[in-house]
Amino acid sequence: MKITVFGGAGFLGSHVCDKLSDAGHDVFIYDIVPSPWLRSNQTMIVGDILDEESVYQATAGAGAVFNFAGIADIGDANVRPVDTVKHNILTNAIVLEACRLHSVGRYVFASSVYVYSKSGGFYRSSKQACEQYIENYHEAYGLKYTILRYGSLYGPRADGKNAIYRFVKEAMETGSITYYGTPDALREYIHVEDAALSSVEVLKDLYANQNIVLTGSQPMTVRNVFNMIAEMLGKKVEFVFKNDFSNTHYMITPYSFSPRLGRKMIPPVQIDLGQGVLHIIEAIHHEMNPELQNFSGLLVKDQP
Ligand SMILES: NC(=O)c1ccc[n+]([C@@H]2O[C@H](COP(=O)([O-])OP(=O)(O)OC[C@H]3O[C@@H](n4cnc5c(N)ncnc54)[C@H](O)[C@@H]3O)[C@@H](O)[C@H]2O)c1
């Protein structure tokens, strides 16, 4: 079926596009920038999601629509509150309206576990508002939806704002990691490819009109994540913990009272956190040493 993916050029969206194509769908990526990960069997539409006419056209004939576009970083959202309304809330309404007009079979939205939390500032508020609009569209017009509340993602294609990527890169480049928050903060990191596979799985009827929680299954304190990185690198890494005065990140759990509970979805096969971090170490090592080539499993400067 035709599936339009808004924000499909980004970190999470691009992985979901890969999995949708693998599952045999006809993927149309709509993003303000061309996707560096575009496959030959995918169609790229470069456009602004605030452009209602262009969103309407991109949605025509789609059996399902995914929306990953917007401001994804909590820090960015907190210094750009008005832009966050525009890029997260207004864009969601524009895509919902296009889905309604075209009678799209399912609207899948990238939300966050922060909707449960008292932390997360304007980012959290924008996701809560989006979720309520989606539920309102379902009640008013019968538009089927699935809300995916993702936890902390990591893995290939992440940029410097991604927590695990930044920890590994800092440790490798400077020998220290600075963290704004407490060492006991608990996280359940989920590998982006596991999250992407589950995001495709939710197209099944079973997940229609559901709020699904997608986090990892290995809770770990930030201190232990750092210890693991240091052990893998085989060197002493200094950990610097500073106060998070902005209080934007949760400590032990994002969960506080929320009127609409979600069901937690656990992927049947998962990438272990250690394996996932090892791949990031390899990728950053390659970025830092582009002259090294793999020769029979050994990294060498010039192949003999
Ligand atoms: N990365 C995480 O750990 C995480 C966790 C929970 C939820 N999420 C949610 O998942 C979604 C995707 O996150 P991500 O990490 O892949 O972010 P990302 O920044 O990599 O991807 C967002 C994409 O949206 C596009 N975009 C932004 N504004 C646009 C516009 N006006 N028109 C068209 N395209 C536009 C960007 O070009 C980018 O490709 C976001 O909604 C985010 O809140 C991410």
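## A pair of strands in the sheet

Y150 stands opposite L214 in β11, and this pairing belongs to a predicted model, in which local features need pLDDT of at least 70, side-chain atom pairs count only at pLDDT 80 or more, and totals for chains, interfaces and linings use all residues. Residues are numbered from 1 along each chain as its sequence is written, and side-chain values use heavy atoms, with hydrogens and water left out. The strands β6 (residues 145–150) and β11 (residues 210–214) run parallel and are joined by five bridges; here a strand is a DSSP run of E with at least two residues, a helix is a run of H or I with at least four, and both are numbered from the N terminus.

N211 is found in strand β11, and with a relative accessibility of 4% N211 counts as buried, a word that stands for under 20% relative accessible area, whereas exposed means over 50% and partly exposed lies in between (1.4 Å probe, protein chains only). The side chain of N211 is joined to that of E135 by a polar contact of 3.3 Å, where a polar contact is a pair of N or O atoms within 3.5 Å; within protein, one atom must be able to donate a hydrogen and the other to accept it, and residues adjacent in sequence count only if both atoms are side-chain atoms.

## The whole sheet

The open sheet has eight strands in the order β3-β2-β1-β4-β5-β6-β11-β14, with parallel pairing, and two strands are said to pair if DSSP finds at least two bridges between them. Strands of a sheet pair through backbone hydrogen bonds, either parallel or antiparallel. At the edges stand β3 (43–46) and β14 (263–264), each with a single partner strand, so one side of each has no neighbour in the sheet.

Strand β1 (residues 2–6) runs parallel to β2 and is joined to it by five bridges, and I3 has V27 as its bridge partner in β2. Five of the six residues of β2 are buried, so this strand is largely enclosed by the rest of the structure.

## A loop residue

A23 has its place in the loop between α1 and β2 (26–31), and A23 is partly exposed, with a relative accessible area of 47%. Although A23 and L197 are 174 residues apart along the chain, their C-alpha atoms are separated by 9.7 Å.

## The ligand and its surroundings

The ligand is surrounded by 23 residues, of which the closest are L12, D31, I49, Y123 and K127; a residue is counted here if one of its heavy atoms lies within 4 Å of the ligand. This shell divides into 13 nonpolar, seven polar and three charged residues, where Ala, Val, Leu, Ile, Met, Phe, Trp, Tyr, Cys and Pro count as nonpolar, Asp, Glu, Lys and Arg as charged, and the others, Gly among them, as polar. At least two residues of the shell come from each of α1 (11–22), β5 (106–112) and α5 (121–141).

Oxygen atoms of the ligand also lie 2.8 Å from a polar backbone atom of L12, 3.1 Å from a backbone N or O atom of G10 and 3.3 Å from a backbone N or O atom of L153. The ligand taken alone exposes 820 Å², and the protein buries 83% of that, with accessible areas coming from the Shrake-Rupley method with a 1.4 Å probe.
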